[in-house]
Amino acid sequence: MSGAGKKVAEAAAKAVSSKSRGGGIDWDGLGKLLVSDEARKEFVNLRRAFDDVNQTLQTKFSQEPEPIDWEYYRKGIGSRLVDMYKEAYDSIEVPKYVDTVTPQYKPKFDALLIELKEAEQKSLKESERLEKEIADVQELKKKLSTMTADEYFAKHPGLKEKFDDEIRNDNWGY
């Protein structure tokens, strides 16, 4: 893997591992991986949206409502009407949220994570193969101006056989 590819993979792994230890998302670390201005702009939008949703979830939906001061209303309105509202208010039962969706999708998500790991390994192997091929081509490019035909055919024996067959069969490519 190239130096830049390793750095990206290591930074992404660090961001994920710090999240799994309870450290949250390493936004700064992820932001350093971006190379284009458009990606940075989209990343800022994503972070802002994430922070907005997270703030809403942490504040609005996780707090208990403030208790009603029934005595205050009894003094101003009258106890009979307030008692009627209090009785109606106390009879309201807000059902607790029961998550039925996560158990359905968790196995699918876990299977996708396994598939992702396999694809990542396959990608890393392909990347290594391509980097080796690039190194070979660059080496060939350097040596090409001084290389003899025999040296080239020693590296590519199949090509030498093809040329020899064409010469034997009197096929000169016209």
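Biologist: Leaving aside neighbours within four places in sequence, which residues is Trp-27 in contact with?

Modeller: In this predicted model, Trp-27 is in contact with Phe-43, Leu-46, Arg-47 and Phe-50. Trp-27 itself sits in helix α2, residues 27-31.

Biologist: Why is Trp-27 called buried?

Modeller: The relative accessible area of Trp-27 is 11%. Buried means under 20%, so Trp-27 is buried.

Biologist: What makes Trp-27, Phe-43 and Phe-50 a cluster?

Modeller: Ring pairs link them. Rings pair if their centres lie within 6.5 Å.

Biologist: And how far is Trp-27 from Val-44 in sequence and in space?

Modeller: They are 17 residues apart in sequence, and their C-alpha atoms are 9.5 Å apart.

Biologist: Happy with that! Let's turn to the other rings. How many aromatic pairs are there?

Modeller: The count comes to six aromatic pairs.

Biologist: Why is the pair of Tyr-152 and Phe-153 called edge-to-face?

Modeller: Their ring centres are 6.2 Å apart, and the limit for a pair is 6.5 Å.

Biologist: Which helices hold Phe-153 and Phe-163?

Modeller: Phe-153 belongs to helix α7 (residues 149-155) and Phe-163 to helix α8 (residues 157-168); they are 10 residues apart.

Biologist: How do you know that Phe-163 and Tyr-152 count as partly exposed?

Modeller: Partly exposed lies between buried, under 20%, and exposed, over 50%. Phe-163 has 35% relative accessibility, so Phe-163 counts as partly exposed. Tyr-152 has 27%, so Tyr-152 also counts as partly exposed.

Biologist: Now the surface, please. Which residues make the nonpolar patch?

Modeller: Ile-68, Tyr-72, Tyr-73, Ile-77, Leu-81, Met-84, Tyr-85, Tyr-89, Ile-92 and Val-94 make a patch of about 1,100 Å². Helices α4 (70-77) and α5 each supply at least two of its residues. The largest share, four residues, comes from α5.

Biologist: Why does Tyr-73 count as partly exposed?

Modeller: Tyr-73, in helix α4, has 39% relative accessibility. That value falls between 20% and 50%, so Tyr-73 is partly exposed. Patch residues need over 30%, so the 39% of Tyr-73 also passes that cut-off.

Biologist: Where is confidence lowest, and where is it highest?

Modeller: Helix α1 (residues 3-23) is lowest, at a mean of 53, whereas helix α5 (residues 79-91) is highest, at 91. Over residues 18-23 pLDDT stays under 50, and the model has five contacts for them beyond four places in sequence. For the protein chain, the mean pLDDT is 81, and 84% of its residues reach 70 or more.

Terms used:
Residues numbered from 1 in each chain as written. Predicted model: local features only at pLDDT ≥ 70, side-chain atom pairs only at ≥ 80, totals over all residues. Heavy atoms only, no water. pLDDT = per-residue confidence, 0-100. Contact = heavy atoms within 4.5 Å. Patch = residues over 30% accessible without salt bridge, like charges linked within 9 Å, V, L, I, M, F, W, Y side chains within 5 Å. Areas by Shrake-Rupley, 256 points an atom, 1.4 Å probe, with all protein chains shown as cover. Salt bridge = Lys/Arg side-chain N within 4 Å of Asp/Glu carboxyl O. Buried < 20%, exposed > 50% of the residue type's maximum accessible area, 1.4 Å probe, protein only. Phe/Tyr/Trp six-rings, centres within 6.5 Å; stacked < 30°, edge-to-face > 60°.
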